[in-house]
Amino acid sequence: MKKQVWLVACGLISVALASSCKPKGAQSAIVGDAAAKVYVAPGNHDEFYNIVSGGFNGQISVVGLPSGRVLKVLPVFSVNPENGWGYSEESKPMLNTSQGFVPWDDLHHIAISTTNAEHDARWAFANGNNTPRIARIDLNSFKTVEILEIPNSAGNHSSPFITQNTEYVVAGTRFSIPVGENSDVSIDSYKDNFKGYISFIGVNPESGEMNLSFQLEAPPFNFDLARAGKNKSHGWFFFSTYNTEMAHTLLEVNASQKDKDFIMAVNWKKAEEYINAGKGVMKPAKYVHNKWNEETHSATSTTVNEVLTLDPAVLKDIVYFIPCPKSPHGTDTDPTGEYIVGSGKLAAIIPVFSFTKMLAAIENKDFEGEVNGMPVLKYESVLHGEVVKPGLGPLHTEFDNRGFAYTSMFVSSEIVKWNVETLEVVDRVPTYYSVGHLSVPGGPTGKPHGKYMVAYNKITKDRYLPTGPELAHSAQLYDISGDKMQLLLDFPTIGEPHYAEAFPASLIKDRQVKFYPIEKNQSPYALKGVKDARVERKGNEVHVYLTSIRSNFRPDNIEGVHVGDEVYFHVTNLEQDWDVPHGFAIKGANTAELLIMPGETSTLKWVPDRVGIFPFYCTDFCSALHQEMQGYLRVSPKGSNQPLKFSTGEVE
Ligand code: K7E
Ligand code: CUA
């Protein structure tokens, strides 16, 4: 999200910027027992995992709550030199796309897998916003194990929200685009030639593997966010849209013309019926599907060439539009599934829709018109009610376990707590500053845990020691267990967090992978013991098969490599214990290091361009003799007759 856009939004509703965005009394907001509530004593664990999007760093960070301690930066869409993600030969295919290797993305949203609308925390899903992709992370190994590209999409923002049994992960396109053969069209022909696509990605209930099940063709709106129905509204999905004006220039003005945009309600069970009746049409579309294999310790990338498409203008009863004021950002469903909250960022109220009323309105054909052949329901017929005077610039809503909703107000920099049934505002607290998403443990599920809420703020200003022009982004933790929200803690974050989800640590902390059994290592380059360590030449390729175990590499001295050779270091970490990775780095390699987990094999490619002796060493302080964990590689001139030679470590 661009700050500038919001500042304009601020201006549009006639607010004096700087002063309104900065609440008063920043220093007095903390009460006495806050420190005790976030104190996790040395050696103790946090109660919740918070899986936090990294925004423009393309990664996920794993944070403990309530302490706010960062436990891990988990590479997803962006290369990570810290552990070789996207640099090792094995992991490169994970970042392949139909446009080739794309080593970065903009990661906005997290979805934690659920069963019966409760977190099972088997997997986390995350969206790549820029080059449309969805990733699946295994929460037993905290590793990205799958990335699926989304065709016919541009700006995969309305993603990766999930259905209550993780049947589907969805992806709605932020930018509509022309697709298919004739995409070389005038941008002025937007209304005629551009389309919005909504993707439903099936998730295998056992393996978690994703598969692009079908796409819905939609009008060329901008799809912003989404939430699945749950419990009573299971079977439906709700997508917020803006730019229903279908403007294609200066959207900040032209897409803010209408009083109401839409929440698009999708009956995905109906879509399944049409598919089962053979009503879908296979259309050409090129996208790639990348999978990580935990036994070969490597990834494969395959290209898919078609996608099943449904046209809801023709196939009735899949799509209905709910009018929603005004340029809604988030749309969120409450734990019962009855209420659908729209957050019109330019609206002065928060509309809350009723699922029961929506079904009745559909039944009674209570329509006010059509868009591209799909019915628009009457606002009043679907409305449960409006939260009045909530604040300015509502963005996102989370829920607790006591019937309350919490909405972030970007422009007025506050969080508003309101009663989901009565719509009465019961509390408000300032945020520092300009809050985006909120995260309550279990907040998007049918069974929120409540207790804490984290606000992910967009503007930091004076909250931390300054660090030049770029300041740390800021999260704030609130206690929401009482009637009044209480600010407990500020903590800086990694990248620019958008959404995050939190769940009890007890769900996964005892099922973590500790190491990979070496006997199951199916890598073609794996070594099962130090005796197998060797160097082989195949034409101009030199394959160095190394073992790493405290505290040596074998082989350690290598000669007979020539300038221009392609050298592959295949490093197998022979350790079979928890918490003993080894690193591998060689001087001058213009890639990164490898960080090899116990029982894993990983490969670094290096093409030496000059003559010399090049030391390599372990980068992870693994034992008292870590500094001894090293070797030399000698590079001779191209065409030299220096024979291949290596030492596996004789004692001198
Ligand atoms: Cu930042 Cu969910 Cu991309 Cu709102 S989005 S803040
Ligand atoms: Cu191995 Cu340090």
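# Cavities, ligand shell and a hairpin

User: Which residues lie nearest the centre of the second largest cavity?
Analyst: A cavity is a set of points on a 1 Å grid over the protein atoms alone where a 1.4 Å probe fits but cannot get out, and its lining residues have an atom within 4 Å of a point. The second largest cavity has 13 of these. Nearest its centre lie Phe161, Arg227, Asp332, His396 and His437.

User: What kind of model is this?
Analyst: Residues are numbered from 1 along each chain as written, chains are lettered from A and ligands numbered from 1 in written order. Side-chain values use heavy atoms, without hydrogens and water, while local features need pLDDT of at least 70, side-chain atom pairs pLDDT 80 or more, and totals for chains, interfaces and linings use all residues, as this is a predicted model.

User: How much space lies in the largest cavity?
Analyst: The count is three cavities of 30 Å³ or more. The largest cavity has a space of about 160 Å³.

User: Which element gives the largest share of the lining of the largest cavity?
Analyst: This lining has 17 residues, and closest to the centre are Thr114, Ile162, Arg227, Pro444 and Thr445. Two strands give two or more residues: E6 (107–115) and E13 (222–228). The largest share, three residues, comes from E6.

User: Which residues are the closest to ligand 1?
Analyst: The shell takes residues with a heavy atom within 4 Å. Eleven residues surround ligand 1, and E6 and E29 each give two or more of them. The closest are His108, His109, His157, His437 and His498.

User: Why is strand E32 largely enclosed by the rest of the structure?
Analyst: Buried means under 20% relative accessible area with a 1.4 Å probe, protein chains only. E32 spans residues 486–492. It is largely enclosed because, of its seven residues, the number buried is five.

User: Which residue in E32 is the bridge partner of serine 474?
Analyst: Strands pair if DSSP finds at least two bridges. E31 (residues 474–479) and E32 run antiparallel, joined by six bridges. They form a hairpin with six residues between them. Serine 474 has as its partner in E32 proline 492.

Notes. On a 1 Å grid over the protein atoms alone, a cavity is a set of points where a 1.4 Å probe fits but cannot get out, and a pocket is an open set with protein on both sides within 12 Å along at least five of seven lines; lining residues have an atom within 4 Å of a point. Grid points are joined across faces, edges and corners, and a volume is the space filled by probe spheres set on the points. Helices (H or I, at least four residues) and strands (E, at least two) are DSSP runs, numbered from the N terminus. Buried means under 20% relative accessible area, exposed over 50%, partly exposed in between (1.4 Å probe, protein chains only).
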